[in-house]
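Hi,

Here is the structure I promised to pass on.

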Amino acid sequence: MNRPYLGEFEELVLLTVAMLNGQAYGVAILEAIEKQTGRTVSLSAIHATLQRLEEKGYLNSKMGGATAERGGRRKRFFTVTVGGTRALEEIHTTRNHLWNQIPKTGLA
């Protein structure tokens with residue numbers, strides 16, 4: 001089985017979708033990432049990454065209902081798939097393993 005490859009921003013988006021637990025749509029993801037990281041993020045970068053993660057099979061999406069606050073437009077909500085969960089767990093395990101290998105004197 002191939003190991004999952006996620007770029008740093010893809011990982012942030014995937015983690016944020018998981019964190020938002022069924023309430024993940026473009027603007028909510030953008031706001032959460034900016035709040036959690038202090039980084040400024042463009043909505044187009046979020047949308048491109050969501051599309052890429054969905055193509056990789058790490059996310060599913062569905063359209064929500066139309067709302068008056070959005071001028072009758074619908075939101076696309078994202079959820080993490082089983083494959084996305086596995087990818088995040090594998091990355092988490094790998095990172096922890098690497099952190100545990102750093103000697104106590106290894107970081108200045």
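A quick word on terms: helices (H or I, at least four residues) and strands (E, at least two) are DSSP runs, numbered from the N terminus. Trp99, for one, sits in helix α4 (residues 82-101). This is a predicted model, where local features need pLDDT of at least 70, side-chain atom pairs count only at pLDDT 80 or more, and totals for chains, interfaces and linings use all residues. Residues are numbered from 1 along each chain as its sequence is written, and side-chain values use heavy atoms, leaving out hydrogens and water.

Overall, the protein has four helices and two strands, in the order α-α-α-β-β-α along the sequence. Its C-alpha atoms fill a box of roughly 55 × 35 × 20 Å along the principal axes.

On burial (buried is under 20% relative accessible area, exposed over 50%, partly exposed in between, with a 1.4 Å probe and protein chains only), 31% of the 108 residues count as buried. Trp99 counts as exposed because its relative accessible area is 56%.

Glu11, in helix α1 (residues 8-20), counts as buried because its relative accessibility is 11%. Contact here means heavy atoms within 4.5 Å. Beyond residues up to four places away in sequence, Glu11 touches Leu6, Leu88, Ile91 and Arg95.

Thr49 belongs to helix α3 (residues 43-55) and is buried, with a relative accessible area of 2%. Leaving aside neighbours within four places in sequence, Thr49 is in contact with Phe9, Glu10 and Val13.

Cheers
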